[in-house]
Amino acid sequence: MYNRYKGNTGEVRRVEEQIPQPQTPRPQQPASPPAPPVRHSAEAAQPMQALSSELNKLMQKLSPMNLETEDILLALIIYLMYRESGDRDMLIILGAMLFM
């Protein structure tokens with residue numbers, strides 16, 4: 001017998017150990033390989049094309065500001081840090097970075 005604990009409640013339950021009985025071997029049948037997943041290339045390409053077009057539009061809007069990819073990634077990280085913490089200092093840092 002052994003103790004089985006239920007989560008963080010502290011409840012203990014005594015459980016008897018069950019010994020599995022040996023099973024008789026079954027005749028071996030050749031396993032067929034699983035069928036490959038069906039991919040619909042037209043359906044899978046549409047979300048990627050939509051995302052790509054949206055990113056291209058964003059990059060065209062930001063190009064007059066002379067931002068490089070690294071600057072955009074840094075701005076995104078700072079914005080996400082602001083959303084998580086709510087600290088307004090992150091907005092000040094973001095604004096200073098974008099206007100310099």
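Mentor: Let us begin with a definition: a residue is buried under 20% relative accessible area, exposed over 50%, and partly exposed in between (1.4 Å probe, protein chains only). Glutamate 54, with a relative accessible area of 48%, is thus partly exposed. This is a predicted model, in which local features need pLDDT of at least 70 and side-chain atom pairs count only at pLDDT 80 or more, while totals for chains, interfaces and linings use all residues. Residues are numbered from 1 along each chain as its sequence is written, and side-chain values use heavy atoms, with hydrogens and water left out.

Trainee: What is the mean pLDDT of the protein chain?

Mentor: The term pLDDT is the predictor's confidence in each residue, from 0 to 100. The protein chain has a mean of 78, and 82% of its residues reach 70 or more. Confidence is lowest in helix H1 (residues 41–62), with a mean of 74, and highest in H2, with 87.

Trainee: Which elements make up the protein chain, and in what order do they run?

Mentor: Helices (H or I, at least four residues) and strands (E, at least two) are DSSP runs, numbered from the N terminus. The protein chain has three helices and two strands, in the order β-β-α-α-α from the N terminus on. Of its 100 residues, 8% are buried.

Trainee: Which residues of H2 are buried, and which exposed residues does the opposite face carry?

Mentor: An α-helix has 3.6 residues a turn, so residues three or four places apart point the same way. In H2, the buried residues include Ile72, Ala75 and Ile78. They lie on the same side of H2 because they cover an arc of only 125° around the axis, the arc being that of the directions from the helix axis to the C-beta atoms. Glu70 and Glu84 are exposed on the face turned away from the buried side.

Trainee: What follows H2?

Mentor: Glycine 86 follows H2, and its phi is positive, near 75°.

Trainee: How many aromatic pairs does the whole structure hold?

Mentor: A pair of aromatic rings is described by the distance of the centres and the angle of the planes. Rings of Phe, Tyr and Trp (its six-membered ring) pair if their centres lie within 6.5 Å; planes under 30 degrees apart count as stacked, over 60 as edge-to-face and the rest as tilted. A search of the whole structure finds one such pair. It joins tyrosine 79 and tyrosine 82, and is tilted, with 6.5 Å from centre to centre and 40° between the planes. Both tyrosines belong to helix H2, three residues apart, about one turn of the helix. Tyrosine 79 is partly exposed at 35%, as is tyrosine 82 at 24%.

Trainee: Which side chains meet in a salt bridge?

Mentor: Side chains of opposite charge can pair when their charged atoms come close. A salt bridge is a side-chain nitrogen of Lys or Arg within 4 Å of a carboxyl oxygen of Asp or Glu. The search of the whole structure finds one: glutamate 54 and lysine 57, at 3.6 Å, N to O. They are about one helical turn apart, because three residues separate them in helix H1. Lysine 57 is partly exposed, with a relative accessible area of 46%.

Trainee: Which residues is aspartate 71 in contact with, leaving aside its neighbours within four places in sequence?

Mentor: Contact means heavy atoms within 4.5 Å. Aspartate 71, in helix H2, is in contact with Asn66 and Met97 once those neighbours are left aside. Methionine 97 is 26 residues from aspartate 71 along the chain, and their C-alpha atoms are separated by 8.4 Å.
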